[in-house]
Amino acid sequence: MSGMCSRYIITRNIFHHHRRQDFVVTSSFVPYLSSKQIRSNSDSVIPVKLAYVSYESMDGNKNASKRPIIIMHGLFGSKTNWNLLSKTIHRDTDRKVITVDARNHGDSPHSSDMTYSHMAQDIVQLMNDLGFQKSILIGHSMGGSTMMYVALNYPQLVEKLIIVDMSPVRVSPQLMEMEKIFKAMRTANLEGIPTLTKARTSIRDQLANAIKSLPLRQFLVMNLVEADIGKYKWRVNLPVLEQNFASQIAVFPDVGSKIYNGPTLFIGGSNSDYIRVEDHDKIKKLFPSAGFTYINGANHWVHADKPTEFLKTTIDFVNQT
């Protein structure tokens with residue numbers, strides 16, 4: 001692993017929230033798809049340009065014939081959560097790997113729109129901008145729902161689909177606990193703290209009354225950034241996420257009779273209740289080729305709880321011919 005850095009070109013595409021020109025119309029970035037292929041579900045769905053990091057070989061032509069992999073994190077996450085995992089996935093699949101910040105997260109633009117239709121269009125826009133005619137899509141939680149929505153509405157763009165601990169047919173009771181997390185973050189006192197390190201420590205401790213899990217609190221406070229000297233803010237668009245959570249983010253939208261027939265793998269945590277065994281048949285109505293695997297000892301953050309097992313499962317599926 002120590003020599004891994006020499007094997008990669010890591011490119012970054014970052015858009016700051018104040019740059020309103022980053023909100024663009026899909027049809028202006030689609031040179032290789034027909035108008036029928038790129039037609040959105042609603043004329044009002046306007047994508048944003050996502051911030052991303054690309055992991056690719058120094059010899060750019062080495063894996064040019066292989067479809068790239070695009071990864072989207074879950075709620076409150078960011079592309080940096082997948083840094084080490086992405087390097088390994090790139091190395092062991094010999095494919096370019098793109099990790100993105102979802103809208104209203106990380107370095108991507110903020111928007112008042114936060115539906116899976118919008119987030120799916122963001123991924124389609126990214127593929128258009130990068131010239132990807134087809135990709136392997138990986139998503140965790142909210143990112144998983146986004147990638148499912150892309151596959152169901154744009155199956156011609158998806159070579160394979162990997163969904164990490166998210167179901168399109170039921171809402172986990174754990175998701176409803178997010179309301180107290182939103183409140184705790186919204187009411188945290190961000191004033192009078194001299195450094196970012198101390199601010200994150202202070203907010204981590206403030207969140208303890210509502211959030212008992214220390215790893216979860218540590219994960220959340222990574223969204224705290226310095227807005228000015230001695231002034232801090234949440235990097236995520238907290239008001240929009242909270243406003244849209246119950247009606248748009250927690251619930252997978254109705255897609256009617258649409259299906260995705262391509263190779264699909266659902267990876268669940270054995271200690272999580274997001275993907276229930278009794279829901280497999282319902283899920284297969286949307287994804288007829290779906291397989292299911294559960295990683296022992298993992299909770300909802302499967303890739304963080306059991307990274308070695310998660311990587312083996314993911315890489316084996318990607319490399320299947």
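Predicted model: local features only at pLDDT ≥ 70, side-chain atom pairs only at ≥ 80, totals over all residues.
Residues are numbered from 1 along each chain as its sequence is written. Local features need pLDDT of at least 70, side-chain atom pairs count only at pLDDT 80 or more, and totals for chains, interfaces and linings use all residues, while side-chain values use heavy atoms, without hydrogens and water.

Select Ser213, Pro215, Leu216, His300 and Trp301, the closest to the centre of the largest pocket among its 32 lining residues. A pocket is an open set of points on a 1 Å grid over the protein atoms alone, with protein on both sides within 12 Å along at least five of seven lines; lining residues have an atom within 4 Å of a point. Its volume is about 760 Å³, counted as the space filled by probe spheres set on the points, which are joined across faces, edges and corners. Now colour domain 1 (45-171 + 253-319) and domain 2 (177-244): both give residues to the lining of the largest pocket, so the pocket lies between them. These bounds come from an automatic or database domain assignment.

Next, select Leu75, Ser141, Met178, His300 and Trp301, the closest to the centre of the largest cavity among its 19 lining residues. A cavity is a set of points where a 1.4 Å probe fits but cannot get out. About 140 Å³ of space lies in the largest cavity. Domain 1 and domain 2 both contribute to its lining, so this cavity also lies between them.

**Stop three: two helices**

Finally, show Tyr116, Ser117, Met119, Ala120 and Ile123, which meet residues including Met142 and Val150; contact means heavy atoms within 4.5 Å.

Technical notes
Helix = DSSP H or I, 4+ residues; strand = E, 2+ residues; numbered from the N terminus.
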